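I opened this model to look up its ligand site and some of its helix packing. My notes follow the structure.

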Amino acid sequence: MKLLVVGSVAFDAIETPFGKTDKILGGAATYIGLAASVMDVKSGIVSVVGGDFPQTDLDMLSDRGVNIEGIEIVKEGKTFFWSGKYHNDLNTRDTLVTEVNVLENFDPKIPASMQDAEILLLGNLHPGVQLSVLEKMEKKPKLVILDTMNFWMDSALDILMEMVKKTDVITINDEEARQLSGEYSLVKAAKKIHEMGPQFVIIKKGEHGALLFHEGKIFAIPALPLEEVFDPTGAGDTFAGGFASYLAKKGSMTFETMKAALIVGSAMASFTVEKFGTERLQEITADDMDRRIKEFKELTTFEVGV
Ligand code: AMP
């Protein structure tokens with residue numbers, strides 16, 4: 001199956017307790033596209049960059065099999081820029097700068113070559129843009145996956161709710177799930193979010209893993225305990241990218257397949273945090289993924305006699 005990705009392609013400047021970067025390659029769609037390439041899944045990105053965006057980065061994505069026909073280049077514009085600083089525990093960060101730039105007036109265009117994508121992954125962007133991409137697909141995709149954040153709950157709740165209604169799988173973090181539902185218990189929050197539209201609700205809990213809810217069933221996974229977390233930027237996007245790519249590869253969207261997809265997303269995200277930005281994701285191979293998934297299995301499999 002083909003995966004169509006919508007999201008930012010950006011410059012990021014990141015500061016962690018371990019160092020800081022100047023403007024480096026970032027953006028939700030970039031992480032997702034790279035995750036798809038590691039999984040050897042056909043993907044395409046719909047996004048926009050400015051004339052300041054390096055051709056070498058576009059070539060890198062294209063060389064890795066990501067269809068970049070849907071990345072518009074506004075020659076006289078500037079690429080979206082985000083800057084963030086992590087606190088010592090790496091669980092929280094402050095956004096220092098968000099320059100929306102060319103994303104401000106983004107009118108997404110889906111290339112003909114991606115119109116037949118079966119899975120649509122709407123990466124973190126204005127929900128109005130996410131909705132317009134769904135509406136512009138000539139054939140309704142088999143699965144719509146939505147990633148969103150509290151920023152849109154605060155600034156564009158009505159249109160976000162419209163988007164959520166048309167979503168099959170939503171991925172949000174625990175605090176955002178609480179904000180969206182008004183419930184503290186994540187079980188109750190997931191129930192309320194189900195009622196808003198999505199049959200599948202994934203709640204990410206950072207270093208504590210993730211939960212998948214579907215028709216009264218719950219599946220939980222931990223995050224792989226890592227010796228070193230260097231830069232958490234993009235972990236959520238990589239998780240969503242790994243998750244969606246696994247479904248695309250298997251051509252299946254059942255609860256059982258999603259359980260495995262959750263592991264793949266987590267394993268992939270555990271690589272992203274090991275180096276700055278997309279660096280680690282650009283290095284890893286399918287063999288690296290296999291090894292890490294085995295580590296996950298060992299971490300979570302046990303027998304108990306009662
Ligand atoms: P994550 O760490 O998974 O939340 O994702 C970080 C990525 O999201 C960075 O590479 C940023 O470029 C991108 N990003 C941050 N804020 C926004 C926003 N408001 N809209 C779109 N992309 C964003």
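**Entry 1: ligand.** I am working from a predicted model. I asked which residues are closest to the ligand. I found 16 residues around the ligand, with Ser8, Asp12, Gly27, Gly234 and Asp237 the closest. Gly27 places a backbone N or O atom 2.7 Å from a ligand oxygen. For Gly234, a backbone N or O atom also lies 2.7 Å from an oxygen atom of the ligand. Arg93 uses its side chain: a polar atom there lies 2.9 Å from a ligand oxygen.

**Entry 2: α1 and α8.** I then took helix α1 (residues 28-38) and helix α8 (residues 235-250). Their axes are 8 Å apart, and the packing angle is about 40°. The two helices are therefore oblique to each other. I noted a right-handed crossing. From α1, Ala28, Tyr31, Ile32, Ala35 and Ala36 take part. They meet Asp237, Thr238, Gly241, Gly242 and Ser245 of α8. I sorted this contact by class: five nonpolar, four polar and one charged. Asp237 of this contact is also listed among the residues closest to the ligand.

**Entry 3: α9 and α11.** Last, I checked helix α9 (residues 255-272) against helix α11 (residues 286-300). Their axes come within 9 Å and cross at roughly 115°. That makes α9 roughly perpendicular to α11. This crossing is right-handed. On α9 the contact includes Ile263, Val264, Met268 and Phe271. On α11 it includes Asp288, Arg292 and Phe296. By class I have eight nonpolar, two polar and two charged residues here.

How values were computed. Residues numbered from 1 in each chain as written. Predicted model: local features only at pLDDT ≥ 70, side-chain atom pairs only at ≥ 80, totals over all residues. Heavy atoms only, no water. Axes fitted to C-alpha atoms, helices over the stretch in contact; angles between N-to-C directions. Helix = DSSP H or I, 4+ residues; strand = E, 2+ residues; numbered from the N terminus. Parallel < 35°, antiparallel > 145°, perpendicular 65-115°, else oblique. Left-handed = near helix turned anticlockwise from the far one by under 90°. Contact = heavy atoms within 4.5 Å. Nonpolar A, V, L, I, M, F, W, Y, C, P; charged D, E, K, R; others polar. Near = heavy atom within 4 Å. Polar contact = N/O pair within 3.5 Å; in protein donor to acceptor, adjacent residues only side chain to side chain.
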